[in-house]
Amino acid sequence: MEIVATFVPAPGKDPREELASPPAGATTVEVRADLLERESDLDALVSACPVPVVLTLRSAAEGGRGPDDPAARRRFVERAAASRAALVDLEGDRDRECLGTVVAPERAIVSKHLSAVAPAELEEEVRALLSTPARLVKVVVQARTLDDSLAVLRLGQAMDRGPRAARRAIVFASGEAGRATRLLGPLLAAPVAFASWGEGREAAPGQYPPAEFAHLTGHLQGRPRRVFAVLGNPVGGSLSPRMHAAAFRALSLPDLFVPIEVGTQEELDALLAPLGESCLDGVGLTAGGFAVTMPWKEGAARRCALLAPRAQRARAANTVLPRPGRLVGDCTDIDGISRALLDAGV
């Protein structure tokens with residue numbers, strides 16, 4: 001998988017020194033010029049990095065710290081085009097006139113960051129950018145609900161065709177609610193994944209470091225056979241995806257485990273459904289099963305037609321499996337507590 005690590009400078013450190021050692025697993029580095037403490041020699045930054053570089057000036061209008069003023073943006077694009085950067089990010093709403101005039105199409109990413117969008121509008125935005133001759137197009141949606149992420153995944157499924165090397169569209173959702181799309185997007189349709197520089201160096205919420213991408217998805221060559229998920233709120237810090245990915249890799253299972261932030265009972269109900277009826281199945285992904293964490297364990301138990309006796313006594317389920325026409329639930333939390341007490345001689 002091609003992974004672009006977005007460079008977020010550390011205060012007081014020389015960016016060139018940091019760029020000289022990209023994080024393990026990164027095949028490309030994105031330098032966000034709007035995050036730099038001061039205007040820098042772009043060519044010096046590019047030359048310091050041993051892997052290809054994308055130069056980006058994210059505008060304030062699209063969630064960055066860069067200018068919205070067309071003249072200021074054009075000056076940056078001209079400097080970026082004159083550098084040895086492999087690619088230059090052009091915002092579709094502000095820099096498109098630079099495509100083909102200042103920056104050659106084969107060196108351009110045309111991007112758009114949306115605060116909210118309806119599913120039909122999302123597809124229109126992507127197709128509009130694909131009508132340009134840019135090498136790549138990138139559309140990022142700020143995910144606030146499960147529906148936002150499902151819209152992205154539905155579009156990813158629709159675009160999962162043809163040789164991967166010929167694909168041009170990168171579509172994912174940012175924010176904690178969009179974490180699953182960052183993992184699934186590159187497995188479905190996107191030619192590259194966008195990652196953070198490292199733990200605590202995220203350019204946007206929901207980003208994974210390159211090494212974590214490799215750990216969670218490195219055993220897969222394309223779309224997963226089944227998708228499992230941990231459901232909760234918050235859920236981004238869960239270790240379940242890492243543990244299950246290790247098991248999938250060890251057992252040669254082409255499955256994926258993702259975190260999904262659930263904000264309402266309605267979202268939980270849409271996910272916890274009998275075999276083939278989950279909202280994940282509705283966007284072309286086969287739901288294999290769910291781990292459930294707080295605050296949804298009681299709600300998960302109520303969704304299950306068949307509960308293990310201990311889950312009935314606890315009135316909570318942390319493990320839910322979809323079966324034809326029904327859900328089966330258990331509560332393995334009890335094992336963790338009772339085994340620890342037994343090991344301690346209690």
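Q: Does Cys-331 count as buried or exposed?
A: The model is predicted: local features need pLDDT of at least 70, side-chain atom pairs count only at pLDDT 80 or more, and totals for chains, interfaces and linings use all residues. Residues are numbered from 1 along each chain as its sequence is written, and side-chain values use heavy atoms, with hydrogens and water left out. Buried stands for under 20% relative accessible area, exposed for over 50%, and partly exposed for the range in between (1.4 Å probe, protein chains only). The relative accessibility of Cys-331 is 4%, so this residue counts as buried.

Q: How many disulfides does a search of the whole structure find?
A: The criterion for a disulfide is a pair of cysteine sulfur atoms within 2.5 Å. A search of the whole structure on this criterion gives a count of 0.

Q: Which cysteine has the sulfur nearest to that of Cys-279?
A: Cys-279 takes part in no disulfide. At 15% relative accessibility, Cys-279 is counted as buried. The nearest cysteine sulfur is 16 Å away and belongs to Cys-304.

Q: How far from Cys-331 is the nearest cysteine sulfur?
A: Cys-331 is in no disulfide. The nearest cysteine sulfur is that of Cys-304, at a distance of 11 Å.

Q: Why does the radius of gyration of the protein chain agree with a compact globule?
A: The radius is taken over C-alpha atoms, and the globule rule is 2.2 Å times the number of residues to the power 0.38. The C-alpha trace spans about 70 × 45 × 35 Å along its principal axes. The chain agrees with the rule because a compact globule of 346 residues would have a radius near 20 Å, and the protein chain has 22 Å.

Q: What percentage of the accessible surface of the protein chain belongs to carbon and sulfur atoms?
A: Accessible areas come from the Shrake-Rupley method with a 1.4 Å probe, and for residues only the protein chains shown count as cover. Buried residues make up 53% of the 346 residues. The accessible surface totals about 15300 Å², and the part from carbon and sulfur atoms is 53%.

Q: What percentage of the contacts with a separation of 6 or more is between residues 24 or more positions apart?
A: A contact means heavy atoms within 4.5 Å. Among contacts in the protein chain with a separation of 6 or more, residues 24 or more positions apart account for 66%.

Q: Which residue in β11 is the bridge partner of Val-227?
A: β9 and β11 run parallel and are joined by 5 bridges. The partner of Val-227 in β11 is Ala-287.

Q: Which residue has its backbone oxygen 3.3 Å from a polar atom of the His-215 side chain?
A: His-215 sits in helix α7 (residues 210-217) and is buried, with a relative accessible area of 18%. Beyond its neighbours within four places in sequence, His-215 contacts Arg-242, Ala-245, Ala-246 and Arg-249. The backbone oxygen at 3.3 Å belongs to Arg-242.

Q: Which residues does Ser-83 touch, not counting those up to four places away in sequence?
A: Ser-83 lies in the loop between α3 (70-82) and β4 (87-91). With a relative accessible area of 7%, Ser-83 is buried. The residues touched are Asp-43, Val-46, Leu-55 and Arg-107.

Q: What is omega for the cis peptide bond between Met-294 and Pro-295?
A: Pro-295 is placed in the loop between β11 (287-292) and α11 (297-303). For the cis bond joining Met-294 and Pro-295, omega is about 10°.

Q: Which residue does a cis peptide bond join to Asn-233?
A: The bond has an omega of about 0°.

Q: Does Ser-252 count as buried or exposed?
A: Ser-252 is in the loop between α8 and β10 (256-261). Although not a glycine, Ser-252 has a positive phi of about 55°. Its relative accessibility is 63%, so Ser-252 counts as exposed.

Q: What is the phi of Arg-315?
A: Arg-315 belongs to the loop between α12 (309-314) and β13 (319-323). At 65% relative accessibility, Arg-315 counts as exposed. Arg-315 is not a glycine, yet its phi is positive, at about 55°.

How values were computed: Helix = DSSP H or I, 4+ residues; strand = E, 2+ residues; numbered from the N terminus. Polar contact = N/O pair within 3.5 Å; in protein donor to acceptor, adjacent residues only side chain to side chain. Pairing = 2+ DSSP bridges.
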